Amino acid sequence: MENENKKLSRRALLAGVAFAGVVGTVIAATPVVAEEAEVTTGPAPDLSQLTHEKIELVAPPYVHAHEQATTAAPKVVEFTLMIEEKEMVIDDLGTTVQAMTYNGSVPGPLMVVHEGDYVELTLVNPASNMLQHNIDFHSATGALGGGGLTLVNPGEQVKLRFKATRAGVFVYHCAPGGPMIPWHVVSGMNGAIMVLPRDGLKDGKGNPLKYDHIFYIGEQDYYIPRDREGNFKSYESAGDGYEDMLAVMKTLTPTHVVFNGAAGALTGEHAMKAKVGETVLIVHSQANRDTRPHLIGGHGDYVWDTGKFRNPPQVDLETWFIAGGSAGAALYKFLEPGVYAYVNHNLIEAVELGATAHFTVEGTWDDDLMTQVQPPTPIE
Ligand SMILES: [Cu+2]
């Protein structure tokens, strides 16, 4: 198999289907599911009475404007994701990855709808790209989460509609078949969607919960090959680095674990901002690997660690667990000003591999919650 893999040209990568015989199953062009199971199509839904809303997505950690609760009837919410293959710098050494992105960012943008809405996604794979891509929504039902209906070659676009029937935060990611799946995901091709309950978030006892700000943090593990001297290698295109990256991927040991595409993407001048007394909702996704978010000096007041809003949130958490392939959400009201680090509390991953973000919080210090009773002084 090693030898066969080596023979695969960039052209074969482009036609991901060529991998079918090499490793496992692969998604052929649409319709996929019908090839393996007998499928008939039921009546088309009548959506003619529903209003359509077109949403312009924004790059993480920010999130497009949305209502936290709604009394409106379900809608068809239209999004467009433009696939962009591009070189990205991922640390302060200047290490690069030939990233695969939705809308040019790692992670892709957070989409927000309400339970019962229809998501209508236009997925565009411009001719300037080299690879086949698609999208698997963990919030969608059937056809490999939509992956089986959205495989597009460079120069093609496709439109998928699914009904958002389950409330929560969910990962979406590229899944073009076989070994292409993990490769695209660890090259950055993942994001999240938030399906809010129509009547908004609740505390588990029926009381509404609101947030003043929402931030979307996508955690990304990268597997960057090194040369003989141990320096990170760079490649002309994603395809050129494929075999080397696959070898690193198979060690299951990432070289980088970062938030929003690069070490330092959410620290210093890029820190997220809030004020004392404000409540933030932090949506955290990890499409490939387990993680354990922790807000240093703060808490998770209400945490949906599995990310699904029908489950009551847990309260007062110090650290929470997000399983690889899922997203979680944590609500926290800042009580003290200062800089807060938000980390993956595998502290090696936080400090050495990059998984640290910052919140800068303005306001008045509450001496009752904490004070330095005696500054550092020589021992009496
Ligand atoms: Cu892809």
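Mentor: Start with a definition: a residue is buried if 20 or more other C-beta atoms lie within 10 Å of its own, exposed if 12 or fewer, and partly exposed in between, with C-beta atoms placed from the backbone. By that count, 43% of the 380 residues of the chain are buried. The model is predicted: local features need pLDDT of at least 70, side-chain atom pairs count only at pLDDT 80 or more, and totals for chains, interfaces and linings use all residues. Residues are numbered from 1 along each chain as its sequence is written.

Trainee: Why does the radius of gyration of the chain agree with a compact globule?

Mentor: The radius is taken over C-alpha atoms, and the rule is 2.2 Å times the number of residues to the power 0.38. For 380 residues the rule gives a value near 21 Å; the chain has 22 Å, so the two agree. Along its principal axes, the C-alpha trace spans about 75 × 65 × 30 Å.

Trainee: What makes a stretch a helix or a strand?

Mentor: Both are DSSP runs, numbered from the N terminus: helices are H or I with at least four residues, strands are E with at least two. This chain has 5 helices and 21 strands.

Trainee: What are the bounds of domain 1 and domain 2?

Mentor: Domain 1 covers 2–36 + 51–198, and domain 2 covers 215–362. Such bounds come from an automatic or database domain assignment.

Trainee: How many residues of domain 1 are in contact with domain 2?

Mentor: Contact means C-beta atoms, placed from the backbone, within 7 Å. On that test, 44 residues of domain 1 meet 45 of domain 2. The largest share of domain 1's side, 5 residues, comes from β8. That side divides into 27 nonpolar, 11 polar and 6 charged residues. Nonpolar means Ala, Val, Leu, Ile, Met, Phe, Trp, Tyr, Cys and Pro; charged means Asp, Glu, Lys and Arg; the others, Gly among them, are polar.

Trainee: Why is β8 called mostly covered?

Mentor: Count its residues: 6 of 6 are buried. Both faces are covered, with G168, F170 and Y172 on one side and V169, V171 and H173 on the other.

Trainee: What makes two strands a pair?

Mentor: DSSP must find at least two bridges between them. β6 (residues 136–137) and β8 have 2 and run antiparallel. There, D136 stands opposite H173. β8 and β9 have 6 bridges and also run antiparallel.

How values were computed
Contact = placed C-beta atoms within 7 Å.
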